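I opened my notebook to keep track of what I looked up, one entry at a time. Follow along with the structure beside you.

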Amino acid sequence: MENRRSDSYAEFTWFLQSGGSPEPQVQQELIGSINHSVSLAALTSVFILALGLVAALTLSEWWGFAWVLSELCFMSLRVSLQYRFKRYGDPGVLLRICRVSSLWSMTTGLALLMCIMSGDVMLMILASNLIFAMIGGMSSVLMGVLRLYQLLILAVAGPTIIFGLTQESEEWMPVLSVAIALYLMAMILIARKQHRLLRGKIEAEYHNRQLLNIDPLTNLANRRRLRSVLAGLETVTGRRATVFYLDLDGFKSVNDTQGHDAGDTVLKEVARRLLRLNRDCDLVCRLGGDEFLVLVEGLSLNQAEAKAQTMVAALREPYETGEGEQAVIGVSIGVASVPDNSRTAEPLITLADEALYAAKNSGKNTYRFSQACPD
């Protein structure tokens, strides 16, 4: 049942996406920029409902009463969905909002056309003004989701534009249709520019946040990112987490004999090897100098020992430093885990650092587990 439901809303995910394949976090922020104001949705529906009542009472036509009834249904649906999404942030609710908004826009577009075709001057003026108002108003609400904005305004204005351009008996209809079409195209161009500006701002902020959390040499996470992840672990009880604190053995001699460029090459290769040995969900950090840290969740003691052995063996393999030269280094690793050595994640780095010194004192190129017991 859940798969069928997901498929039924899949077509609307395209309308929420921005072109050019932005980073997922950037895409989420663009979608999050949608104005989900419950009061705004209710106010829009009240204006449309008022026009529907005027049309129904003035013309006494069936479609006027049907429009009022459908608008009442759409208003209750839109307001309730907007409230639920604003409160809970469920992506499934957002897709339902897209579907309901699309149907609502098409229904409104057809009803506004009926008002214009009615021949009643007051209804014609009110309906025309509402079309212009909805085209302009939606641009500020849906600036982050340009495709959805274009879909909805075409649904609202499209029927009047198409019908008006095919009418020859009423001279004013083609003029009105051209005016609406020109305004629609102008607002799309403005919305595109606003979307680019908004996306550029979000991307700049995202990359700035990335730079704060990334080591510039190796592109690994840094201490700031590590502290953030450890703080997140503190909020979850019962989760196993293991810290591997690595310090390269013999790295100083590479800098001294082959130069700092060769040392940087070795550090980058160490980062690549550590990334290959760990999963995407594991955190691999460079703490500074020749110190690295790997944070892995869900490892048993035997699995942690096997990983430590694998990392020691992998990092002892020779490194190509350029111009036919090689460098050979080793690594010492200290290991500490929750809940074996501590009840919380906060002291893990200190405990792993103490175990690292025990490994250094044992002759280097090896690993040691923390002997601390949880309080």
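**Notebook: loops, helices and salt bridges**

I began with Asn-219, which counts as exposed because its relative accessibility is 57%. My classes are buried for under 20% relative accessible area, exposed for over 50%, and partly exposed in between (1.4 Å probe, protein chains only). Before going on, I noted that this is a predicted model, where local features need pLDDT of at least 70, side-chain atom pairs count only at pLDDT 80 or more, and totals for chains, interfaces and linings use all residues. I also noted that residues are numbered from 1 along each chain as its sequence is written, and that side-chain values use heavy atoms, with hydrogens and water left out.

I found Asn-219 in the loop between H8 and helix H9 (223-234). Helices (H or I, at least four residues) and strands (E, at least two) are DSSP runs, numbered from the N terminus. Asn-219 is not a glycine, yet its phi is positive, about 65°. I wrote a reminder here: most residues other than glycine have a negative phi, and most peptide bonds are trans.

Lys-364 also went on my list, with a positive phi of about 65° although it is not a glycine. Lys-364 sits in the loop between H13 and strand E7 (367-369), and its relative accessibility of 43% is why I call it partly exposed.

Which two residues does a cis peptide bond join? I found Val-338 and Pro-339, with omega at about 15°. Pro-339 belongs to the loop between strand E6 (330-338) and helix H13 (348-361).

**Entry: how confident is the model?**

I checked pLDDT, the predictor's confidence in each residue, from 0 to 100. The protein chain averages 88, and 94% of the residues score at least 70. Over residues 1-9 the pLDDT is below 50, and this stretch has 5 contacts in the model beyond near neighbours in sequence. Contact means heavy atoms within 4.5 Å. Where pLDDT is low, the predicted coordinates should not be read in detail.

The 27 residues of H4 should span 39 Å, and the end C-alpha atoms are 39 Å apart, so the two agree. Among the buried residues of H4 I listed Trp-63, Trp-67, Glu-71, Phe-74 and Phe-85. The buried residues of H4 pack against helix H3 (38-59) and H5.

Next I looked at Thr-108, in helix H5 (residues 91-117). Is Thr-108 buried or exposed? Thr-108 counts as buried, because its relative accessibility is 0%. Leaving aside residues up to four places away in sequence, Thr-108 touches Ile-48, Trp-67, Glu-71 and Met-134.

**Entry: salt bridges**

My rule was a side-chain nitrogen of Lys or Arg within 4 Å of a carboxyl oxygen of Asp or Glu. How many salt bridges does this rule give? The count comes to 11.

I looked up Arg-209 and Glu-29, whose closest N and O atoms are 2.6 Å apart. This pair links distant parts of the chain: Arg-209 is in helix H8 (residues 172-213), Glu-29 is in helix H2 (residues 24-32), and they are 180 residues apart. Arg-209 is partly exposed because its relative accessibility is 35%, and Glu-29 is partly exposed at 28%.

Asp-256 and Lys-252 form another salt bridge, at 2.9 Å from N to O. Both lie in helix H10 (residues 251-258), 4 residues apart, about one turn of the helix. Asp-256 and Lys-252 are both exposed.

**Entry: helix H11**

Glu-269 and Arg-273 make a salt bridge too, 3.1 Å from N to O. They are about one helical turn apart because 4 residues separate them in helix H11. Glu-269 and Arg-273 are both buried. Salt bridges with shared partners join Glu-269, Arg-272, Arg-273 and Arg-276 into one network.

Other buried residues of H11 include Ala-262, Val-266, Leu-267 and Leu-274. The 18 residues of H11 (residues 260-277) should span 26 Å, and the end C-alpha atoms are 26 Å apart, so this agrees.

Technical notes: The expected span of a helix is 1.5 Å times one less than its number of residues.
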